[in-house]
Amino acid sequence: MTAIEVSGLRKAFGDKVVLDGVDLTVPEGTIFSLLGPNGAGKTTTVNVLTTLMVPDAGTVRVAGHDLATDARAARAAIGVTGQFAAVDELLTGEENLRLMADLHRVPAAAQVVSGLLERFDLAEAGTKLAATYSGGMRRKLDLAMSLVGDPRIIFLDEPTTGLDPRSRRTMWEIIRDLVADGVTIFLTTQYLEEADQLADRIAVLDQGRLVAQGTAAELKRRIPGSHVRFRFADQGELDSAARVLPDGTRDDDTLTLRVPSDGGTKSLRLLLDRLGEYSLDAEEFSVHTPDLDDVFLALTGRPSTEENDK
Ligand SMILES: Nc1ncnc2c1ncn2[C@@H]1O[C@H](COP(=O)(O)OP(=O)(O)OP(=O)(O)O)[C@@H](O)[C@H]1O
Ligand SMILES: [Mg+2]
């Protein structure tokens with residue numbers, strides 16, 4: 001079944017077009033990642049898909065319900081963790097969850113709340129005010145709150161922004177566990193690695209348009225291939241190496257030679273043997289496989305971190 005189906009989605013604020021004809025499909029039980037720099041339109045997309053904002057044009061079906069005619073039914077199937085934590089700082093973690101449970105009229109609320117605190121490793125912190133939580137704890141509580149009511153489709157708007165690497169990994173594990181339970185995840189991120197790690201499918205959003213869609217591997221295939229980078233001790237060595245490996249691109253400033261290669265052991269050995277034949281020794285070598293940053297650059301002609309000022 002299809003969890004989310006979007007076609008021809010448009011949204012403008014005044015004369016500023018923010019979503020310019022977005023089409024996407026998310027199969028049930030998968031992770032879909034919307035990748036884009038600041039201002040690309042990620043939060044606007046999430047707002048529309050979660051019924052918080054009405055689009056100017058296009059159709060959206062969530063859990064089989066058309067948002068234009070059946071927003072209430074769609075709302076019952078989803079959980080949302082917004083870009084900015086919805087946690088009430090003046091309540092404890094437990095009280096925050098309890099509030100959500102009451103809003104959702106969840107039966108056996110106390111049990112659901114303690115279960116979620118346990119699952120997110122917040123049992124001990126549960127009785128403390130959320131104001132005292134670290135950023136990672138707050139994010140976890142926020143996500144726990146969106147799970148009250150057992151939603152089948154969860155929207156996460158930049159769930160790991162500002163988290164340290166360890167908390168990010170914890171969050172990834174939680175997300176993977178949810179998907180293992182059959183939940184569908186719609187995730188926005190500015191972290192290319194995050195989309196690469198988690199997503200079954202990635203869509204790259206740039207200035208309100210999807211400039212590419214596919215698996216991480218498919219996107220990587222669309223850009224210049226991998227290469228091996230050799231650094232030499234001096235100009236003379238670099239000169240000789242460039243003659244021995246004529247496919248390479250040299251950089252005289254850094255004394256490096258970039259040679260196209262799949263980076264596998266076999267081709268690496270060939271390259272090293274070839275240098276060895278001429279008694280050439282690289283000071284250092286590294287294998288570079290393209291990451292999603294390279295994908296973004298190749299697709300949009302701009303680095304992913306650049307602000308999108310039209
Ligand atoms: N309510 C609004 N009124 C006017 N302009 C808006 C409104 N909401 C968003 N925008 C504009 O729409 C564009 C896209 O914003 P959006 O929040 O969707 O981007 P984003 O991809 O989520 O960015 P970020 O990574 O910074 O969260 C921005 O230029 C923003 O200024
Ligand atoms: Mg945003």
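Helix H1 (residues 42-49) supplies the largest share of the shell around ligand 1, 3 residues. Helices here are DSSP runs (H or I, at least four residues), numbered from the N terminus. The model is predicted: local features need pLDDT of at least 70, side-chain atom pairs count only at pLDDT 80 or more, and totals for chains, interfaces and linings use all residues. Residues are numbered from 1 along each chain as its sequence is written, while chains are lettered from A and ligands numbered from 1 in the order in which they are written.

The shell around ligand 1 contains Phe13, Val18, Gly36, Asn38, Gly39, Ala40, Gly41, Lys42, Thr43, Thr44, Gln83 and Gln190. A residue is near a molecule if its C-beta atom, placed from the backbone, lies within 6 Å of it. By class, the shell has 3 nonpolar, 8 polar and 1 charged. Ala, Val, Leu, Ile, Met, Phe, Trp, Tyr, Cys and Pro count as nonpolar; Asp, Glu, Lys and Arg count as charged; the others, Gly among them, are polar.

Helix H3 (residues 93-103) meets helix H4 (residues 109-119). Their axes come within 9 Å and cross at roughly 135°. H3 is therefore oblique to H4. The crossing is right-handed. On H3, the contact involves Gly93, Glu94, Leu97, Arg98, Ala101 and Asp102. On H4, Ala109, Val112, Val113, Leu116 and Leu117 take part. These residues comprise 7 nonpolar, 1 polar and 3 charged.

H3 also packs with helix H5 (residues 135-147). The two axes come within 9 Å and cross at roughly 25°. H3 is thus roughly parallel to H5. This crossing, too, is right-handed. Gly93, Asn96, Leu97 and Met100 of H3 meet Leu141, Ala144 and Met145 of H5. The contact has 5 nonpolar, 2 polar and no charged residues.

The chain is assigned two domains: domain 1 (2-221) and domain 2 (227-288). Their centres, taken over C-alpha atoms, are separated by 45 Å. The bounds come from an automatic or database domain assignment.

Conventions. Axes fitted to C-alpha atoms, helices over the stretch in contact; angles between N-to-C directions. Helix = DSSP H or I, 4+ residues; strand = E, 2+ residues; numbered from the N terminus. Parallel < 35°, antiparallel > 145°, perpendicular 65-115°, else oblique. Left-handed = near helix turned anticlockwise from the far one by under 90°. Contact = placed C-beta atoms within 7 Å.
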